[in-house]
Amino acid sequence: MSEGENDYAKDLPQLYTVAGKIYEGTQKSESFFSSACIYRVPEDLRKLNESAYTPRLIAIGPLHREDKHLQTPLQHVKLSYTNYLLSRLTPRMEDQQELTAGMEEELAKQKKLTVLQKCLAELKTLVHDAKKCYAEEVTLDEETMLIDGCFILEFLYRYRIRTQTVIKEAKSIRSFIS
């Protein structure tokens, strides 16, 4: 055996160790980033135009939830929007005429709690997959997902209603002018 072959054989255990670490790191990286689609903007890029990458009014999701400048009464708007959406998802009781106002209100609360319970139970099954969407470890639970998701849905609903109202008014004005 020549001296070069002898060096190769001597280094073989170290080569296998390094190759194993590389392979293991590659597997972890690929599994971690394969489902990730939400990334924190790198600090160097952020510094170029910080306001472009920082939420100004309200935090959606776990990345900016603890930012001090977002701890304002506006955070309560998310809870209010969630309540409005859940109220619309709660079945109405028009057929039950015998109910007093107090009984109807109590029944409405119970139905809203049932809808809320179903939503939370469904989201509980999705938390693990939702966490995989982030490129870093995040603290995420079904409550946060529910409140942020309902806020977004209610916000879009209200935007759509306003847009439809503006379009109707514009058509009305146009027909009046013509």
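Of the contacts (heavy atoms within 4.5 Å) in the protein chain with a separation of 6 or more, 55% join residues 24 or more positions apart. This is a predicted model: local features need pLDDT of at least 70, side-chain atom pairs count only at pLDDT 80 or more, and totals for chains, interfaces and linings use all residues. Residues are numbered from 1 along each chain as its sequence is written, and side-chain values use heavy atoms, with hydrogens and water left out.

Visitor: How many helices and strands are in the protein chain?
Guide: Helices (H or I, at least four residues) and strands (E, at least two) are DSSP runs, numbered from the N terminus. The order is α-α-α-α-α-α. The count is zero strands and six helices.

Visitor: What should helix α6 span, and how far apart are its end C-alpha atoms?
Guide: Helix α6 covers residues 142-177, 36 residues. The expected span is 1.5 Å times one less than the number of residues. That gives 52 Å, and the end C-alpha atoms agree at 52 Å.

Visitor: Is Asp 148 buried or exposed?
Guide: Asp 148 sits in helix α6. Buried means under 20% relative accessible area, exposed over 50%, partly exposed in between (1.4 Å probe, protein chains only). At 7%, Asp 148 is buried.

Visitor: Which residues is Asp 148 in contact with, leaving aside neighbours within four places in sequence?
Guide: Other buried residues of α6 include Met 145 and Phe 151. Cover for the buried residues of α6 includes α3, α4 and α5. Asp 148 itself touches Ala 59, Ile 60, Gly 61 and Lys 78.
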